[in-house]
Amino acid sequence: MSQDADVIIAGAGIAGATLALSLARAGLKPVLIDPVAFDAQVAPTFDGRASAIAYAAYRQWRALGLADALDPHAQRIEQILVTDGTTPGAAAGGPSPFFLRFDSAEIADRSDGEPLGYLLENRHTRAVLAAAVQAAGIEVLAPARVTKAVFGARSAEVTLADGRTLSAPLAVGAEGRGSVIRAEAGIGAIGWNYSQTGVVATVRMERPHEGVAHEYFLPGGPFAILPLTGDRASLVWTESTARGAALKTARPEIFQAHLERRFGDFLGGLTVEGPVFTYPLSLQLAERFTAPRTALLGDAAHGVHPIAGQGLNLGLKGAAALAEVLVDALRVGEDIGSEVVLERYAAWRRFDTVTLSAGMDAFVRLFSNDNPLLRLARGAGMAAVNRVAPARRFFMHEAGGAVGDLPRLLKGEAL
Ligand SMILES: Cc1cc2nc3c(=O)[nH]c(=O)nc-3n(C[C@H](O)[C@H](O)[C@H](O)COP(=O)(O)OP(=O)(O)OC[C@H]3O[C@@H](n4cnc5c(N)ncnc54)[C@H](O)[C@@H]3O)c2cc1C
């Protein structure tokens, strides 16, 4: 039977596009489908987020040849300072007795001088991926929406909203939390809303941030100051849904006043650049990552709270693992959409993803809470970890994504 591609990838977000590029570099023929054309994805008003990318995940993009294009936009994270600031303005008062300091210098022996991670604005990452996908000659159907999928014995057949159909040995669902492929494959999802909103804004500071990321735990939830290139920072500010909506529509001077109360003045005056974005926060985990002729990737498989900046990193790790499984299978003449091949991907990613998602969920509940007993417990926990160098290094390697059985791309090797 003639096939339109080796792999149909529904969703050309950062996870889907990275997978497509990895597969194409290794000689497979992927096709990407997305209702949003790449040009619209890179507009400044489309995605205001910046992502903290673990150093191992960044190696994957280097291995795919994206370093020259990404490096100018990548801010090294040299230190992460976590403070349990319980009153607005704690940032200004300096660290509380309960704090955690992670320093890239402490793991330099194992990370080969890499920082703890990199901060990249999503719009730059999307633009670099779009250019690379185009240069690699990958077929992109956009705007086009997957509406239906049928999984047969030899192929997956995907139908688009305009009635076109495509078939391939494998269809990957990388369309985010509302994955059509997941639903069509009969894979359920569990999860819940946090009734919280992530308020995201970019600010320019008067003083340099020196590559330090700050996370403060305020009563409404975490407030993160993530360093960007050029004395700027991306803020991820968690609030209740109602307060988040009010902040998004607040007049600029009101937003500025709320911002300054939380941020403090330790980096001088602040200027908000560009629009304020809000994102509803929830947990969503697919019951399985594969089904006959299909695999789920990125937020379609696991959507987590951004509290520790792990969502996209999980998706990138998944893309590296899936690409490796498929390329290795092809090299020994296996059917890349067969259950035995897909089970290798599911087994590789299942444990890591479920433990991390559960850990993030517990973390959110612990740190979005102003109960004095919980505050005391978490403060003591932070102080304890901070005193023990191996514990600090453990968390740094976990955050760097460089633990466990790493796919070759995450070691910086070609496929
Ligand atoms: C406030 C905030 C801050 C965050 N910060 C970080 C961070 O610092 N570090 C980190 O690692 N993660 C972070 N995350 C998580 C990260 O943003 C997500 O995990 C990531 O964007 C998911 O990428 P994805 O490609 O899997 O899915 P998405 O970005 O959701 O992309 C899905 C794509 O599929 C397309 N699509 C939808 N429906 C269809 C269809 N029917 N057919 C075809 N295509 C379709 C969409 O148009 C879209 O392009 C953060 C999240 C939030 C909300």
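Two strands count as paired if DSSP finds at least two bridges between them. Keep that in mind for this predicted model.

**Exercise 1. Find the strand order of the open three-stranded sheet, and say which strands stand at its edges.**

Step 1. Trace the sheet across. The order is β3-β7-β4, and the pairing is antiparallel.

Step 2. Look for strands with a single partner.

Step 3. From one strand to the next it averages 30°.

**Exercise 2. Describe how β3 pairs with β7, and which helices pack on these strands.**

Step 1. Count the bridges. β3 and β7 (residues 117-121) are joined antiparallel over five bridges.

Step 2. Pick out one facing pair. Ala-54 sits opposite Gly-117 of β7.

Step 3. Helix α6 lies across β3 and β7, at about 85° to β7.

**Exercise 3. Classify the packing of helix α1 (residues 14-25) and helix α10 (residues 311-331).**

Step 1. Take distance and angle. The two axes come within 9 Å and cross at roughly 25°.

Step 2. Apply the cut-off. Angles under 35 degrees count as roughly parallel, so α1 is roughly parallel to α10.

Step 3. The crossing of α1 and α10 is right-handed.

Step 4. Inspect the contact. Among its residues are Ile-14 and Leu-19 of α1, and Leu-316 and Ala-319 of α10.

Step 5. Sort the contact residues of α1 and α10. There are 11 nonpolar, four polar and no charged.

Terms used: Residues are numbered from 1 along each chain as its sequence is written. This is a predicted model: local features need pLDDT of at least 70, side-chain atom pairs count only at pLDDT 80 or more; totals for chains, interfaces and linings use all residues. Helices (H or I, at least four residues) and strands (E, at least two) are DSSP runs, numbered from the N terminus. Axes are lines fitted to C-alpha atoms, for helices over the stretch in contact, and angles run from 0 to 180 degrees between N-to-C directions. Two residues are in contact if their C-beta atoms, placed from the backbone, lie within 7 Å. Angles under 35 degrees count as roughly parallel, over 145 as roughly antiparallel, 65 to 115 as roughly perpendicular and the rest as oblique. A crossing is left-handed if the near helix is turned anticlockwise from the far one by less than a right angle, and right-handed if clockwise. Ala, Val, Leu, Ile, Met, Phe, Trp, Tyr, Cys and Pro count as nonpolar, Asp, Glu, Lys and Arg as charged, and the others, Gly among them, as polar.
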